[in-house]
Structure formats: structure tokens, C-alpha cells
Amino acid sequence: MAADIDPNHPGVELWSPNTGGVRSFDGVLISQTMEFKSEVSAVVPVNMAVWWDGDLLRELLDKNVVSKYDWTTGECVPLAVFDGCMWNNGTKANPCLQGDIIGDWREEVLMRTADSGHLRLYVTTIPTEYRFHTFLEDPAYRSSIANQNVAYNQPTQPGFYFGPDLKGRKFRGTKVK
């Protein structure tokens, strides 16, 4: 998994069952917390990432839970639980779809109900001070959404860097405060 979850290190962080913990982009171990309870359950999940809470860091989506990585403790704190929903692909534990569908740059999560009778679209209710164009304007991002349904499920990725390192800089014509 690669996602920007820690503002103390530039760029994305990386982790897997084989990394010994969360590592900075240049490979430095920044948190040894990586307890794997089973191939589909970890203290820091490795399944999907989602822009959810309105800051410029990514949150983690695992099964039916969106959580925030706490870089001070090395653990994740649940932000949203999609009760009554199930994930797909057993070991991957991913949603039906995840991405910036509605268009405010943050991502929505489409889940199936436990009985597979309905689809539910979850949208964050957390306010944000940031205003950006929808990620759907980016061809690489659109392709990554499509790939979730026709290839190996992975979190969406834009064709540009997006994270807290943008503060104080111009991003797509807008100064990030």
C-alpha cells in the first residue's frame, strides 16, 4: 500500500506485510506498528485508501470501515463504519467502488448491503476548507476508477501528487492555504 498518511514525511508512505512497518517514501522505517492479525486484518490496513475527512492526507478503507492513521501512535482510528454492508473479494476486502464520483475532490464509497440486495453510496459529512476541481478531470484518475472494476482492485491514484506538502503552493491554479 502507498498513500500519504503522515504529514511529517514528504510524499507517500509505504507498507505491506513485508516492510516491517510503515516506511517513508525514501525507505526509512517511521513506525514499527504493523501487527498482522491475519492475511486480511492489520493494525494499519493494506487494502484501500480514500480521501475522506477533508484534510490533504488519505484515510484507509478496510472492509466497511474508514479509519485515520494516527502518526503519533502508529495506529488507526475509525472515522466511519458502514453498518449493514459487506465488502467484496474476501482477502482484498474492498468496496464495490471508491472514488471522487460526486466531484468535490473527496471520495465516495459504494458498498453492497450484507444481503447483496442494495447498493449504498456513502459520502463524507466532514467539512473541508479546501476547494479543488474534481479528480475526475484527470485521465489517470478516471482510469484508476475503471481499473477497480476490470482489473486487480487498488485504490484510486491521480496522475499528480496530492497531499499536505501542497500547503503554501499553487495546485492546479489555486494557492493551497
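Me: Where does Asn94 lie?

Reply: Asn94 lies in the loop between strand 11 (85-86) and strand 12 (97-99). Strands here are DSSP runs of E with at least two residues, numbered from the N terminus. This is a predicted model, in which local features need pLDDT of at least 70 and side-chain atom pairs count only at pLDDT 80 or more, while totals for chains, interfaces and linings use all residues. Residues are numbered from 1 along each chain as its sequence is written, and side-chain values use heavy atoms, with hydrogens and water left out.

Me: Is Asn94 buried or exposed?

Reply: Asn94 is buried, because its relative accessible area is 1%. Buried means under 20% relative accessible area, exposed means over 50%, and partly exposed is in between, using a 1.4 Å probe and protein chains only.

Me: Which side chain makes a polar contact with the side chain of Asn94?

Reply: That of Asn89, at 3.3 Å. A polar contact is a pair of N or O atoms within 3.5 Å; within protein, one must be able to donate a hydrogen and the other to accept it, and residues adjacent in sequence count only if both atoms are side-chain atoms.

Me: New topic: how many salt bridges are there?

Reply: The count comes to five salt bridges. The term stands for a side-chain nitrogen of Lys or Arg within 4 Å of a carboxyl oxygen of Asp or Glu.

Me: What does Asp53 pair with?

Reply: Asp53 and Lys68 meet in a salt bridge through their side chains, at 3.1 Å from N to O. Asp53 lies in the loop between strand 7 (48-50) and strand 8 (59-62) and Lys68 in strand 9 (residues 65-70), so the pair ties together parts that are 15 residues apart in sequence.

Me: Which residue does Glu59 form a salt bridge with?

Reply: Glu59 forms a salt bridge with Lys68, and their closest N and O atoms are 2.6 Å apart. Salt bridges that share partners join Asp53, Asp55, Glu59 and Lys68 into one network. Within it, Lys68 is buried because its relative accessible area is 13%, and Glu59 is buried with a value of 0%.

Me: And what is the partner of Arg58?

Reply: Arg58 forms a salt bridge with Glu107, with the closest N and O atoms 3.0 Å apart. This pair links distant parts of the chain, 49 residues apart: Arg58 is in the loop between strand 7 and strand 8, and Glu107 is in the loop between strand 12 and strand 13.

Definitions and conventions
Helix = DSSP H or I, 4+ residues; strand = E, 2+ residues; numbered from the N terminus.
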